[in-house]
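Please load the model in a viewer and keep the sequence panel open.

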Amino acid sequence: MVAARRDTAGREAAAQIAESTGNPHVSHVRLDLADLESVARLVSAWDSPLDILVNNAGIMAVPELTRTAQAHELQFATNYLGHFALTLGLHDSLANAGGARIVSLSSNAHLSSPVVFGDLDLRFRAYDPRRAYSESKTATVLLAVEATRRWAGDGIYANALNPGAIATGLQQHTGGLKTPVERRKSVEQGAATSVFLAASPLAERIGGRYFEDVSEAEVRTESPGMFGTGVADYALEPRYAELLWEVATEMLTGSRTPSAQVRAT
């Protein structure tokens, strides 16, 4: 199942996957992660066990402060909060699969900023497009850490990853890909770590970790620079992961999304 904000994009992606794999059962569904009501509709309609959930969608460096229908800052809402709501809502389906995996796509941009808990929606700080993106990508790592802690007993394990620098529409607000040429990847190369975490026997019953280049990343205690590698220690900190889960749950139940659709387990 391919979830996409635009029906045309989802239909095309599903067709390409079906053609390249020979699997005729690939389909698509509309999902706008920036709209929590859209997430709730998908959750309420899903009634089958779910073996793998890949939280892949994202936006980057939106130039102006933009808020969603539920009044959340757009990058945090799309890159983290929508995925969090989707993951929570699909918990029972993941648990019913018996050994499900969650794959949470982050970025090396997370190395530029921890999550600022007192101002997740940027109501007091000046808006910085890149820093807002960085915070949202730190949050996606913390999601994997806490989901594993809470749900490993249900057979659910989650990991985060940096896919690498891939020229896609993600860079539409940055003037194109800025990463040095020798560090860039093709789409297939960029997908490799996601596929590894989703399907490899080597990743079975492993969770709460961060990977890049199909390997677990080195933990950093200080910034490695703009194009550095590794995972920041604050992105793996269990205390921050638990706090973000609790705060995000409050954000969801305080929004216009029906709380019954977003089950905090």
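Predicted model: local features only at pLDDT ≥ 70, side-chain atom pairs only at ≥ 80, totals over all residues.

Residues are numbered from 1 along each chain as its sequence is written, and side-chain values use heavy atoms, with hydrogens and water left out.

Axes here are lines fitted to C-alpha atoms, for helices over the stretch in contact (heavy atoms within 4.5 Å), and angles run from 0 to 180 degrees between N-to-C directions.

**Strand β5**

Select residues 157-162, which make up β5. This strand pairs with β4 in the parallel sense over five bridges, and the β5 residue A160 is the bridge partner of S104. Three bridges join β5 to β8, again in parallel, and L161 stands opposite F211 in β8. Together, β4, α5 and β5 make a right-handed β-α-β unit: with the strands pointing away from the viewer, the path from the first strand over the helix to the second runs clockwise.

Which way do the side chains of β5 point? Y157, N159 and L161 point one way, and A158, A160 and N162 the other. In a regular strand the side chains alternate between the two faces of the sheet. Six of the six residues of β5 are buried (under 20% relative accessible area; exposed is over 50%, partly exposed in between, with a 1.4 Å probe and protein chains only).

**Two loop residues**

Select S106, in the loop between β4 (101-105) and α5. S106 is buried, at 4% relative accessibility. A polar atom of its side chain lies 2.8 Å from the backbone oxygen of K137. Leaving aside neighbours within four places in sequence, S106 is in contact with residues including K137, L161 and Y210.

Move to D213, in the loop between β8 (210-212) and β9 (215-216). Is D213 buried or partly exposed? D213 is partly exposed, with a relative accessible area of 47%. Apart from neighbours within four places in sequence, D213 is in contact with K185 and T193.

**The aromatic cluster**

Finally, select F76, Y80, F84, W151 and W245, which ring pairs link into a cluster. Rings of Phe, Tyr and Trp (its six-membered ring) pair if their centres lie within 6.5 Å; planes under 30 degrees apart count as stacked, over 60 as edge-to-face and the rest as tilted. The structure holds six aromatic pairs. One of them, F76 with Y80, is tilted, at 5.2 Å centre to centre and 40 degrees between the planes. F76 and Y80 are four residues apart in helix α3 (residues 74-89), so about one helical turn separates them. F76 is buried at 3% relative accessible area, as is Y80 at 1%.

The pair of W151 and W245 is edge-to-face because the planes stand at 85 degrees, with ring centres 5.4 Å apart. This pair links distant parts of the chain, 94 residues apart: W151 is in α5 (residues 129-151) and W245 in α7 (residues 238-253). Both W151 and W245 are buried.

Notes
Polar contact = N/O pair within 3.5 Å; in protein donor to acceptor, adjacent residues only side chain to side chain. Pairing = 2+ DSSP bridges.
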